[in-house]
Amino acid sequence: QVQLVESGGGLVQPGESLRLFCNASGRSFSTDAMGWFRRAPGKEREFVACISWDGRNTLYANSVKGRFTISRDNAGNTVYLQMNSLKPEDTAVYYCAGSSLYYSDYNPATYKYWGQGTQVTVSS
């Protein structure tokens, strides 16, 4: 079983940046599409971004497009989410997830394993 652990969350002011990390153990996820999702207080889980197995294809939610960047380092078994120009509405628990597919999308049902989440809070 693949275990995912997110880190890098915290409290920031609007306009600042954070970089989230998703580290895997158990096996390499180098052939798995990976994604980031988030759940804000009182709201449903929503798609943020995903990346294909080789890092050559990415997809972003409209709400974060142009501000967030997903990337991966398969050799290091790590997925990143660079978050710039953060807004209060970005406040949420952010989850890393892995798919058994080479390519994936916004549908959480295609993701088979998940991390525990890391809290991102953007004040004001």
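Is Asn-77 buried or exposed? I found that Asn-77 counts as buried because its relative accessibility is 11%, where buried means under 20% relative accessible area, exposed over 50% and partly exposed in between, with a 1.4 Å probe and protein chains only.

Before going on, I noted that this is a predicted model, in which local features need pLDDT of at least 70 and side-chain atom pairs count only at pLDDT 80 or more, while totals for chains, interfaces and linings use all residues. Residues are numbered from 1 along each chain as its sequence is written, and side-chain values use heavy atoms, with hydrogens and water left out.

I looked up the phi of Asn-77 and found a positive value near 55°, in the loop between strand S7 (68–73) and strand S8 (78–83); strands are DSSP runs of E, at least two residues, numbered from the N terminus. Most residues other than glycine have a negative phi. Ser-85 also has a positive phi, near 50°, and lies in the loop between S8 and strand S9 (92–99), but Ser-85 is partly exposed at 40% relative accessible area.

Of its 34 residues, Leu-4, Trp-36, Leu-81, Met-83 and Tyr-94 touch the most other members. The largest share of this core, 5 residues, comes from S5.

For Tyr-94, leaving aside neighbours within four places in sequence, I listed contacts (heavy atoms within 4.5 Å) that include Trp-36, Leu-81 and Met-83, as well as Glu-6 and Arg-38.

Definitions and conventions
Helices (H or I, at least four residues) and strands (E, at least two) are DSSP runs, numbered from the N terminus. A nonpolar core is a set of buried Ala, Val, Leu, Ile, Met, Phe, Trp, Tyr and Cys residues joined through side-chain atoms within 4.5 Å.
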